[in-house]
Amino acid sequence: MFISSAYAQTAPAAAAGGDMQSSFMSLLPLVLMFVVLYFVMIRPQMKRQKEHRSMIDALAKGDEVATAGGLVGKVTKLGDTFLGVEIAPGVEVQVQRTAVVQVLPKGSVK
């Protein structure tokens, strides 16, 4: 009495090819969102990580670097995971290689 008839159940079934096409069309927006997400977010982040890794691998003694914590100094010792950075005459600290965010031009640190 209060519930109307369900006409969708009584309608004739559509062709099987139409069902498959409609399922692909319903997945298309999801696939397009993933493609846009890849090119806008994932790919640039991977590129930055690759550049940062190559910068860290190319560090040498005498390079002037800035760390993530804000320390600026000259590389004095190189290790596998740590660097010795001279931040003032006679003051040397050890920092992780991954903490280096930038290699400064020569002569930046006085």
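How exposed is Glu92, and what is its relative accessible area? Glu92 is partly exposed, with a relative accessible area of 39%. With that residue as a starting point, let us walk through the rest of the structure, which is a predicted model.

**The overall plan**

The protein chain has two helices and five strands. Along the sequence these elements follow the pattern α-α-β-β-β-β-β. The chain counts 110 residues, and 15% of them are buried. Its accessible surface is about 8,800 Å², and carbon and sulfur atoms make up 64% of that area. Among contacts with a separation of 6 or more, 42% are between residues 24 or more positions apart.

**Strands side by side**

Let us turn to the strands S2, S3 and S4. Strand S2 covers residues 72-78 and strand S3 covers residues 82-88; the two pair in the antiparallel sense over four bridges. A hairpin of three residues leads from S2 to S3. Strand S4, residues 91-96, also runs antiparallel to S3, and six bridges join these two. Here the hairpin has two residues between the strands, and Gly90 in the turn shows a positive phi of about 85°.

**Two salt bridges**

How many salt bridges does a search of the whole structure find? The search finds two. One of them brings us back to Glu92, which forms a salt bridge with Lys77; their closest N and O atoms are 3.9 Å apart. Lys77 lies in strand S2 and Glu92 in strand S4, so this pair ties together parts that are 15 residues apart in sequence.

The other salt bridge is formed by the side chains of Lys106 and Asp63, at 3.4 Å from N to O. This pair links distant parts of the chain, 43 residues apart: Lys106 is in the segment after strand S5 (100-104), while Asp63 is in the loop between helix H2 (16-57) and strand S1 (64-67).

| Residue | Relative accessibility | Class |
|---|---|---|
| Lys106 | 61% | exposed |
| Asp63 | 14% | buried |
| Lys77 | 49% | partly exposed |
| Glu92 | 39% | partly exposed |

Why does Lys77 count as partly exposed? Its relative accessibility is 49%, and the partly exposed class lies between under 20% for buried and over 50% for exposed. Lys106 counts as exposed because its value of 61% is over 50%.

**A closer look at Asp63**

Setting aside neighbours within four places in sequence, Asp63 is in contact with Ala58, Gly73, Lys74, Val75 and Lys106.

Technical notes:
Residues numbered from 1 in each chain as written. Predicted model: local features only at pLDDT ≥ 70, side-chain atom pairs only at ≥ 80, totals over all residues. Heavy atoms only, no water. Pairing = 2+ DSSP bridges. Salt bridge = Lys/Arg side-chain N within 4 Å of Asp/Glu carboxyl O. Buried < 20%, exposed > 50% of the residue type's maximum accessible area, 1.4 Å probe, protein only. Contact = heavy atoms within 4.5 Å. Areas by Shrake-Rupley, 256 points an atom, 1.4 Å probe, with all protein chains shown as cover.
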